[in-house]
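Welcome, and please open the structure in your viewer. We will walk through it stop by stop, with something to select at each one.

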Amino acid sequence: MWRAVLTRILSSLMVIWLSVSAAFVALHSLPGNIADVLAGDVEYPGLREAIAAEWGLDKSLPEQYLDFLGRLIEGNLGTSYIMRMPVSDILASQLWPTVQLALSAGALAIVLSIGITLLTAGRSLRLRKVASLFELVCTSTPVFWIGILLLMLFSFQLRLFPVAGAQGWRSLVLPAVTLALPTVGLLSQVLRESMEKVLEQPFITTLRSRGLSETRLRSGHVLRHGLLPIITLGGWLIGGLLGGAVITEKVFGRPGLGTVTLNAITSQDVPVVLAVVLLAAAIYVSISTLLDIVYLFIDPRLRHS
Amino acid sequence: MKTLPYSLAFTLVASTLLAGCDNPKTPTQSTGTKTTATKTVDAGKPVAGGEVSWGITTEPVCFDPHRSGQQNSFIVIRNYVDSLIGKQADGSFAPWLAKSWNVSPDGLNYTFVLRDDVTFTDGTPFDAAAVKANLDYIKDPKNTALAVTFLEYYDRTEVVSPHEVKIVLARPDSAMLESLSSVKLGFLSPKTLTSGADLCAGGPGLVGTGPFIFQNYQRGQSARFVKNANYKWGPGYARNKGAPYLDAVTYRFIPEYAVRAGALSSGQVDLIEGVQPSDIPLFKDAEGFQYLVGPSAETSFTLNINYTHGVGTDVRVRQALRDGFDVDAVVKSLYLGTVPRAWSNIGPDNPAYNKALVGTWGNNIAKANALLDEAGWTSRDDQGYRTKDGQRLRIEVGFPQPYVRDNRDLLIQSIQAAVKKNIGFDLDLRITTGGDWAKTRADGSWHIYPNTLNPSDSALSLRDVLGSTGFYSGVREKTDPIIVGLIDKARATSDLAARQPILDRIQQRAVDQAYIVPLFAPSYQIAAKSSLHDLSFEAQLDSPSNLYDAWLSSGTVSQAK
């Protein structure tokens, strides 16, 4: 048991280390000397050398890599080349708004898609057609466009919600809905399909014959089976939400990791990009570990094998 | 010309901008008209009070005036940073923190008499020592301040007396006055400079002498400034002579055009910067709103053709590209007449603009084809491109992704289509990275680089584009000695009137030789509620500035926030 846990932790660390190293190599293989990029169009004797010395860019790449790993072990993520602030401060101030957005969108998406599925799975054809049309529109509309449309209606016209910023729950509503809709589309499609499969199973007939009400049957038995594919999609879901958050944050002018990451990549702000990669890898690894545990709760068959 | 209801002056502004190329007014006239525009619209006595929220396109990545290279950051930085002198639209300078100044005949000594009533907002007096501390700080390469580029010939600052300072140059530099009027050489409190804190991060630690005080910064969201009640040392060109009228200004970062426009039209912000052509009717001539366009004095958006290697070395090929399409048509169809096409890489509202270039080049397809025939590009490949010895006539345009904005990539794509059709020229647009540009610049291997520069003195702008330390720094031994010589001469001619013919010759030669293909003259647009008065643009920044002069109609003050 403990051996398995230890292996799991070690392999997680390995994944994190590999992804960060890959990002390090990728960033340094981009064309152009980083000191030149930082100097921009400014040409001044000694400036590039000073910039290189300031950030330790005058050292060889293996040395820079070892420095980076050494700092990482000490828990130091370095300083942003562009914003000139400790990367940990930047992440600390920007992480919560993104997590807040992703969590509320995720929760909303799950509630909505379960609701839609419970109402439509195995029911009248017309209802299902309406639902699948809605789902198709949701998944195929760009997040960007959904955001603008929602803003035009609820912020510019009806003035129910503020246009931008992150103050209070009101400013979270539109971004969360924007980010949730494409996920709702996909989740409810998957969920309905798996629930409809379950509904065809012989044990459903048995349960019905015991006089179970349709509502209890669906929410108590069918849903549990139907949820398994969703858990498998969990990693994808988190990735989609974090990725979509980048665009949503931009449309709504919200603070968050999205803008920071985008700017860091375009300006080759190596320490920030590496930290974001590290964070993303850590989130994925912890989510997948967590999901493995959740499986055990949902599916008792896995507990004994 | 459609008449605008606001005022006659406003109509004149619009006509200047729309008709800019056909009917060029002198820069002094056109900018003069603009200045009066706001004055005439905003008849009435300013009242103090109220808060304004301003939706801007770009969140500054760095709030340090000496270090930032981001044009849009200066709109925000100007709140807390003042300069020694202020540049006016006609190219002359107005007193600011300096009451008067004097340039020695040899152009080496610049003596400034400072105001004696100025304090930084941390209480430190602004004096000669503060001037010296700032300039020395910027000059020291170890501080890696990008503003150092303005101090290329700076030798030292001498404190003559507490309120008199002498800046000594190693070589004459005609750009010095304009550089000193730039926000990049503005002043931070000596305490701030030595605090050891990194000033890029923004916030109340950034202390200057400006009309507003940096109160708070929420990354990704907003920056808030409050009135500096002691302020009475604005630039000579400002209408306001005392403290700012507004109690506070909050900048909100709203990168999407449509979202900013919606935020203003629904009253959630009072003012926006950056209005896309299709949103202009929402505010221009619209009840309750106003729409203003800034000057276009700095570098125009230009294709710089590297003439030191490849097919670009042939002047006939460069000229064919310059004349092989209709600049007017492509600019108009994309920007719907909101920006004028350019004739030089120096903007039409700049006193240094060479007006004689207007109407002298471009859109001569027959001549462009003849030039290419003469240069030996006579055969065609199966896609219709011209070839010579089996090589296609192709030049790559490397456009770094971080600099792509305002549909400039689409503009180049329409040129790409036009020159393919007109003259069989393969203008190959590649969206690259900042690193790619840095690399090709360092070794001189870039082909065509499309760009505009941060505002600076015209001699410096021309140096950065065409001089031996600019885009050509990697291949300076191959640069055109005539143009490099003229640029050096312009820098050394401290008498700005005597310098103008030299600047004219540089622009003339750059266009004649087709080192540059100027495309359009960009300008800033702002839209605001009509209750906000005396909005203006700063000539040196070529953009909106702080809201020192602005005020809210008394009826709207209470509901402003």
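## Where the two chains meet

Start by colouring by chain: in this predicted model, 44 residues of chain A are in contact with 44 residues of chain B. To see what chain A brings to this contact, select helix H2 (34-39), helix H3 (47-54), helix H5 (87-120), helix H7 (143-157), helix H11 (234-252) and helix H12 (257-266) of chain A; each of them supplies at least two residues of the side that touches chain B. Which helix gives the most? That is H7(A), with 5 residues. Now colour this side of chain A by residue class, and you will find 21 nonpolar, 15 polar and 8 charged residues. For the complex, the predictor gives an ipTM of 0.84 and a pTM of 0.86.

## A confidence check on chain B

Next, switch to colouring by pLDDT and look at chain B. Its average is 89, and 91% of the residues score at least 70. Then select residues 1-42 of chain B, where the pLDDT is below 50. This stretch has 56 contacts in the model beyond near neighbours in sequence, so please read them with that score in view.

## The seven-stranded sheet

Stay with chain B and show its strands. You are looking for an open sheet of 7 strands with mixed pairing, in the order S8-S9-S10-S1-S11-S21-S12. Its edges are strand S8 (212-218) and strand S12 (289-293) of chain B, each of which pairs on one side only. Direction ignored, neighbouring strands of this sheet are turned by 20° against each other on average.

Zoom in on strand S11 (residues 271-273) and strand S21 (residues 525-529) of chain B, which pair in the antiparallel sense over 3 bridges. Pick Leu271(B) here: its bridge partner in S21(B) is Ala528(B).

## Two packed helices

For the last stop, select helix H14 (residues 458-466) and helix H16 (residues 496-512) of chain B. They pack at an angle of about 30°, with their axes 11 Å apart. Angles under 35 degrees count as roughly parallel, and therefore H14(B) is roughly parallel to H16(B). Their crossing is left-handed.

Which residues of H14(B) meet H16(B)? Show Ser458(B), Ala459(B), Leu462(B) and Leu466(B); across from them in H16(B) are Leu503(B), Ile506(B) and Ala510(B).

Methods:
Residues numbered from 1 in each chain as written. Chains lettered and ligands numbered in written order. Predicted model: local features only at pLDDT ≥ 70, side-chain atom pairs only at ≥ 80, totals over all residues. Contact = placed C-beta atoms within 7 Å. Helix = DSSP H or I, 4+ residues; strand = E, 2+ residues; numbered from the N terminus. Nonpolar A, V, L, I, M, F, W, Y, C, P; charged D, E, K, R; others polar. Pairing = 2+ DSSP bridges. Axes fitted to C-alpha atoms, helices over the stretch in contact; angles between N-to-C directions. pLDDT = per-residue confidence, 0-100. Parallel < 35°, antiparallel > 145°, perpendicular 65-115°, else oblique. Left-handed = near helix turned anticlockwise from the far one by under 90°.
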